[in-house]
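Welcome! Please take a moment to look over the sequence and the 3D structure, and then let us walk through them together.

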Amino acid sequence: MFDDVASVSMRSALDSLSLRQRTIADNIANVQTPGFRAGRVSFEDSLRQATEGGDPGSAQATVGRSLEPTRLDGNNVNLDTETLNSVDTNLRYQLMLKAVDHDFSVLRSSMRSSG
């Protein structure tokens, strides 16, 4: 892919959203595991700051454990919350893929017109 700020930002966002998808899947898989705490992936602030600084490749996604209240068994996974988070993350991922596809479409178009 390209090495411009926008392309690196999109690549970083895709990687982070993919991590979020895997974390949500792990949360759902452990909905009945006593003592399990849901994971939460944060990257938006880091990506914004890194992009504003001109180095989106330095953005870091972090996985932390949720501090939300737990059930009696110590588990705090809420299936409704995880389902909504999954839908939101998948939509964001699709949006990023469309943006990447657009970049490649522009490149393909410019290659055709210059040949």
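What follows is a short tour of helices, a core and some individual residues.

## Before we start

This is a predicted model, in which local features need pLDDT of at least 70 and side-chain atom pairs count only at pLDDT 80 or more, while totals for chains, interfaces and linings use all residues. Residues are numbered from 1 along each chain as its sequence is written, and side-chain values use heavy atoms, leaving out hydrogens and water.

## Two helices side by side

Helices (H or I, at least four residues) and strands (E, at least two) are DSSP runs, numbered from the N terminus. Begin with helix α1, residues 5-29, and helix α2, residues 44-52: their axes come within 11 Å and cross at roughly 170°. Because of that angle, α1 is roughly antiparallel to α2. Here, axes are lines fitted to C-alpha atoms, for helices over the stretch in contact, and angles run from 0 to 180 degrees between N-to-C directions. Angles under 35 degrees count as roughly parallel, over 145 as roughly antiparallel, 65 to 115 as roughly perpendicular and the rest as oblique.

Which residues make the contact between α1 and α2? From α1 come Val5, Ser9, Ser12, Ala13 and Arg20, and from α2 come Glu44, Leu47 and Thr51. Contact means heavy atoms within 4.5 Å. Sorted by class, there are three nonpolar, three polar and two charged residues in this contact. The classes work like this: Ala, Val, Leu, Ile, Met, Phe, Trp, Tyr, Cys and Pro are nonpolar, Asp, Glu, Lys and Arg are charged, and the others, Gly among them, are polar.

## The nonpolar core

In soluble globular proteins, nonpolar side chains tend to be buried together. In this model, the largest nonpolar core has seven residues: Ala13, Leu17, Val41, Phe43, Leu47, Ala50 and Ala59. A nonpolar core is a set of buried Ala, Val, Leu, Ile, Met, Phe, Trp, Tyr and Cys residues joined through side-chain atoms within 4.5 Å. Buried means under 20% relative accessible area, exposed over 50%, and partly exposed in between (1.4 Å probe, protein chains only). Helices α1 and α2 each supply at least two residues of this core.

Not counting residues up to four places away in sequence, Phe43 touches Ala13, Ser16, Leu17, Arg20, Gln60 and Ala61. Val41 lies in strand β1, residues 39-42, and is buried at 7% relative accessibility. Beyond its neighbours within four places in sequence, Val41 is in contact with Ser16, Leu19, Arg20, Thr23, Ala61, Thr62 and Val63.

Is Ser7 buried or exposed? Ser7, which sits in helix α1, is buried, with a relative accessible area of 0%. Its side chain makes a polar contact with the side chain of Asp4, at 2.8 Å. A polar contact is a pair of N or O atoms within 3.5 Å; within protein, one must be able to donate a hydrogen and the other to accept it, and residues adjacent in sequence count only if both atoms are side-chain atoms.

Ser16 is also placed in helix α1 and is buried, with a relative accessible area of 6%. Setting aside neighbours within four places in sequence, Ser16 contacts Val41, Phe43 and Ala61. Ser16 and Glu44 are 28 residues apart in sequence, and their C-alpha atoms are 8.8 Å apart in space.

## Out in the loops

Now look at the loop between β2 (62-65) and α3 (79-114), where you will find Leu67. At 82% relative accessibility, Leu67 is exposed. Ser66 is in the loop between β2 and α3, but Ser66 is buried, with a relative accessible area of 4%. A polar atom of the Ser66 side chain lies 3.1 Å from the backbone nitrogen of Glu68. Not counting residues up to four places away in sequence, Leu67 touches Arg37 and Asn76, while Ser66 touches Arg37, Ala38, Arg40 and Asn76.

Finally, Phe36 is in the loop between α1 and β1 and is buried, with a relative accessible area of 14%. Apart from residues up to four places away in sequence, Phe36 touches Asp26, Asn27, Asn30, Arg65, Gly74, Asn75, Asn76 and Val77.
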